[in-house]
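Here are my comments on the charged side chains in this model. Please read them with the structure open.

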Amino acid sequence: MRAGGGLAKQWRLLGGKPVLRWAVEAFIACGAAEICVVIPKGDEARVSSVLAGLPSWRATTGGASRADSVRAGLATLTGSAEQVVLIHDAARPFLKIDIVRSLLDALADADGVIPALPVADTIKRLDAAAVTTVDRSQLWAAQTPQAFRKGRLLRAYADWSAASPPTDDAGVVEADGGRIVIVRGDPLLFKLTNPEDFAMAEAHLSRTTRMGQGFDAHRFGPGEGVWLCGVHIPHDASLIGHSDADAGLHALTDAILGALGEGDIGDHFPPTDPQWKGAPSDLFLRHAASLVTTRGGRINNVDVTLICEAPKIKPHRQAMRERLAEILELPLDAVSVKATTTEAMGFTGRREGLAAQAVASIDLPSAPFAG
Ligand code: MG
């Protein structure tokens with residue numbers, strides 16, 4: 001897999017995920033035994049960070065030309081000459097397993113297989129003299145990945161002697177007398193080339209809706225007020241806790257972490273860590289929201305229920321909604337705060353403490369064909 005040069009598109013975020021990571025994840029999903037990412041010299045730390053946690057990949061430094069980079073990648077592969085190699089441009093993030101299957105099937109009778117699409121637009125040739133129309137009936141636009149057996153591709157590269165660099169690998173095998181077969185490509189395999197291509201790719205992403213729920217309770221102790229949903233309410237007691245004991249914000253933070261599958265508030269902010277002593281809990285909620293953003297997601301709505309006999313919540317509900325909307329950067333109608341008593345039953349009924357529960361709905365991006 002080639003990853004080009006400079007701070008290039010392969011490192012940029014698409015749906016919160018680096019473009020390269022989309023491509024590598026696609027190959028892992030297809031069952032690739034080994035994946036070599038060819039990177040510019042100096043990008044070793046960046047690729048480690050971008051592909052952190054993924055199996056089966058290694059990186060190697062590319063050469064001065066495209067051909068040198070492909071050779072460098074091939075040199076890292078451990079299989080025999082019969083090993084099937086797919087060479088892919090990392091700037092094509094949306095690779096379906098169906099394409100890989102058809103490439104592998106067709107490789108049984110060919111020296112190389114490429115996905116390609118018939119050219120739909122009328123093609124014009126512009127030269128010094130005039131504009132002329134090109135017959136497009138036999139023209140195809142080549143995509144990647146392109147499939148070969150390793151030994152055949154190495155031989156073709158060894159024999160490559162043309163003055164101009166090859167623009168794809170099939171071209172090298174063609175020049176070496178190899179038989180190239182086309183399988184039907186995929187419009188979603190388009191290459192991110194211009195800035196507007198990123199907007200188009202974002203628009204193609206699917207969104208998966210997730211739910212999470214959270215619950216928290218804190219005990220009353222001596223004091224003159226409580227923090228609830230980021231709002232201070234005068235009261236004849238306060239809530240005891242390591243931080244500011246804002247059960248509303250804690251339950252909501254856990255709801256968002258739950259939707260992300262990211263554990264709970266204690267995993268992210270251990271109560272044993274003295275730096276969170278007395279901490280304002282909007283910090284925890286902001287952190288959970290930032291994890292949603294980091295993954296290219298968005299919060300759809302949140303709903304909090306506060307459970308206590310006192311203090312009375314109703315006079316503060318609107319301020320709480322406004323505060324949550326501000327912290328989460330959500331419209332007010334996406335934020336709900338409700339309150340109930342337990343009719344004098346249980347620990348909240350006995351006014352020993354109060355409880356909060358929350359749900360959050362988030363959308364996370366996924367590949368356009370992953371549903
Ligand atoms: Mg708590």
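**Notes on a buried aspartate and some salt bridges**

1. Asp168 touches Arg66, Ala142 and Gln146, leaving aside residues up to four places away in sequence; contact means heavy atoms within 4.5 Å. The model is predicted: local features need pLDDT of at least 70, side-chain atom pairs count only at pLDDT 80 or more, and totals for chains, interfaces and linings use all residues. Residues are numbered from 1 along each chain as its sequence is written, and side-chain values use heavy atoms, with hydrogens and water left out.

2. Asp168 is buried but has no salt bridge. Buried means under 20% relative accessible area, exposed over 50%, partly exposed in between (1.4 Å probe, protein chains only). A salt bridge needs a side-chain nitrogen of Lys or Arg within 4 Å of a carboxyl oxygen of Asp or Glu. Arg66, the nearest side chain of opposite charge, is 6.7 Å away (Lys and Arg count as positive, Asp and Glu as negative; His and the chain ends are not counted).

3. What does the side chain of Asp168 reach at 2.8 Å? The backbone nitrogen of Gly171.

4. The salt-bridge count comes to 19. Asp89 and Lys191 form one, at 3.1 Å from N to O. These two residues are 102 residues apart. Asp89 is buried at 16% relative accessibility; Lys191 is partly exposed at 33%.

5. Asp303 pairs with Lys338 in a salt bridge, closest N and O atoms 2.8 Å apart. Asp303 is partly exposed, at 22% relative accessible area. Lys338 is also partly exposed, at 32%.

6. Asp282, Arg286, Arg323 and Glu326 are linked in a salt-bridge network.

Definitions and conventions: A polar contact is a pair of N or O atoms within 3.5 Å; within protein, one must be able to donate a hydrogen and the other to accept it, and residues adjacent in sequence count only if both atoms are side-chain atoms. Helices (H or I, at least four residues) and strands (E, at least two) are DSSP runs, numbered from the N terminus.
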